[in-house]
Amino acid sequence: MQYDAIVIGAGVVGPCVATALARQGRKVLIIERDWSEPDRIVGELMQPAGLKALKELGMIQAVNNIDAVYVDGYYIKYHNEVIKIQYPDKGECDKTNPVKPVPDCVFDGNDKYDSEDPGMDLAAWEGAENVRGVGFSNGKFLSNLRAIVRAEKNVDWIEGTATQLVRDNEDPDRVLGVKVKSLGGEFTTYLAKITFACDGIYSKFRKEHSKNNVPSIGSYFVGLQLNNAKLPAPHHGHVILGDHAPVLIYQTNSTETRVLCAYRSTKPPSSANDTFYKYLRDEVLPSLPEQLKPSFEEAMASRKFRPMPNQYLPAPKQGSRNRGFIMLGDSLNMRHPLTGGGMTVGLNDAVLLTKLLHPKQVPDFEDYDLVATKLKQFHSKRKRLDAVINTLSIALYSLFAADSRPLKILQEGCFKYFLLGGDCVKGPVGLLSGMLPFPMLLFNHFFSVAFYAIYCNYCEKGFAGFPVAFYESFEVLLTAAMVFTPYLWGELVN
């Protein structure tokens, strides 16, 4: 049997693509190595634009009945100063970035939250003035997505490992399907008009596009789990800044809280490594809010640390080469996880691509010239959100993990910029949430932060320190340009 589409991977993006294609009338096969509930520390905080994409796909109920915790914004602690930042106003978001359903995917209220979810006050959720994000167990969320895709009548699913692409002997640039190894060790070939690789951060298929198409690892996050932690600002993501690298804290259910501690190293720390334990004890612990310290000390004592690489991979263009093969999700594009934007980008990519590949646009997936045209449109249109989320993640990590004097000046200036309130908060949090996907808005705010940081540095140095501040102003501007401009430019023109 030949399928219209094969989807490799049932993480976040794979089930969404497969479900949308199936609802549009395509016959789809989805392949996953292990369909049981995964245990991961990635993908546990979804930004408002990610929830918006799930609504557009008719899959928003994947966040229901998993004891998820809504997120209203951020609590930022910088040394001994604190600020709370709320997500953007719903009305403004509806004007600038309204919900636009994927054709044939929204029906029977599947774009509405489940009113029977005992853990969600639907009236309060719908009545909130601001958009919301959500924290949850990644495994339970994926289990819901997988249940949705397996319920589709046009979807077949199998458990096995996709080992290699099957290519046309007479035309090696044409992909015909994939070879799969079952749990019993047998190999089976499955054919399709088009194959989607959604196999995540460790994708074995991204090199099919280019041998140089590999991510770079700049640092690590190390995850700890807190039990019954007392948060200073419930229903907020917590960002702890200081002389150490940034620390992220957010609830994943009613009793569990995730802590991600950034670690300035390209090699993962070991739970048996006393150096890392001392780093947590001597640098991270003292900077935490007092009410969090008991649960953090308990988590430290368990020495159950889970490292996660922070990887960056710009999205290569896809088109005439590898006809019948498309990469999506983390196999296509990765960014620093500091801003929690990975699922948001992946889900919005799924929305955009399935709109462009709708049968009214592409009646037959074997029309590879037409598919290539739609892929060009996909790469052009995705840049608005992709460029913002990816560049912001790298720029903020550089500032929040400041390890040089110019970066520390920028870090302090960034926090004081937030303290100004008004548009100095609305713009950045709108960008962070994915609800304001405007690269020029990001450019304006980033360099506004840079100039405000220079101003604050002059004020701090005073008249006597003017010569030093004058010299440092050039250092700060040069550093800001080097941290920000190459990535934004690369995202926009790649």
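**Helix packing and cores**

Guide: Axes here are lines fitted to C-alpha atoms, for helices over the stretch in contact, with angles from 0 to 180 degrees between N-to-C directions; helices are DSSP runs (H or I, at least four residues) numbered from the N terminus. Bear in mind that this is a predicted model, where local features need pLDDT of at least 70, side-chain atom pairs count only at pLDDT 80 or more, and totals for chains, interfaces and linings use all residues. Residues are numbered from 1 along each chain as its sequence is written, and side-chain values use heavy atoms, leaving out hydrogens and water.

Visitor: Which residues of helix 8 does helix 2 meet?
Guide: Contact means heavy atoms within 4.5 Å. From helix 2 come Ala49, Gly50, Ala53, Leu54, Glu56 and Leu57. In helix 8 they meet Thr344, Leu347, Asn348, Val351, Thr354 and Lys355.

Visitor: At what angle do the axes of helix 1 and helix 8 cross?
Guide: Helix 1 covers residues 13-23 and helix 8 covers residues 342-356. Their axes come within 9 Å and cross at roughly 20 degrees.

Visitor: Which residues of helix 8 make the contact with helix 1?
Guide: Helix 1 brings Val13, Cys16, Val17, Ala20 and Leu21. Its partners in helix 8 are Gly346, Leu347, Ala350 and Thr354.

Visitor: Which residues have the most contacts inside the largest nonpolar core?
Guide: A nonpolar core is a set of buried (under 20% relative accessible area, 1.4 Å probe, protein chains only) Ala, Val, Leu, Ile, Met, Phe, Trp, Tyr and Cys residues joined through side-chain atoms within 4.5 Å. The largest has 82 residues, and those with the most contacts inside it are Ile76, Leu224, Leu280 and Phe296.

Visitor: Is asparagine 138 buried or exposed?
Guide: Asparagine 138 sits in helix 5 (residues 138-150). Neighbours within four places aside, asparagine 138 is in contact with Arg40, Val42, Gly43 and Glu44. At 3% relative accessibility, asparagine 138 counts as buried.

Technical notes:
Helices (H or I, at least four residues) and strands (E, at least two) are DSSP runs, numbered from the N terminus. Buried means under 20% relative accessible area, exposed over 50%, partly exposed in between (1.4 Å probe, protein chains only).
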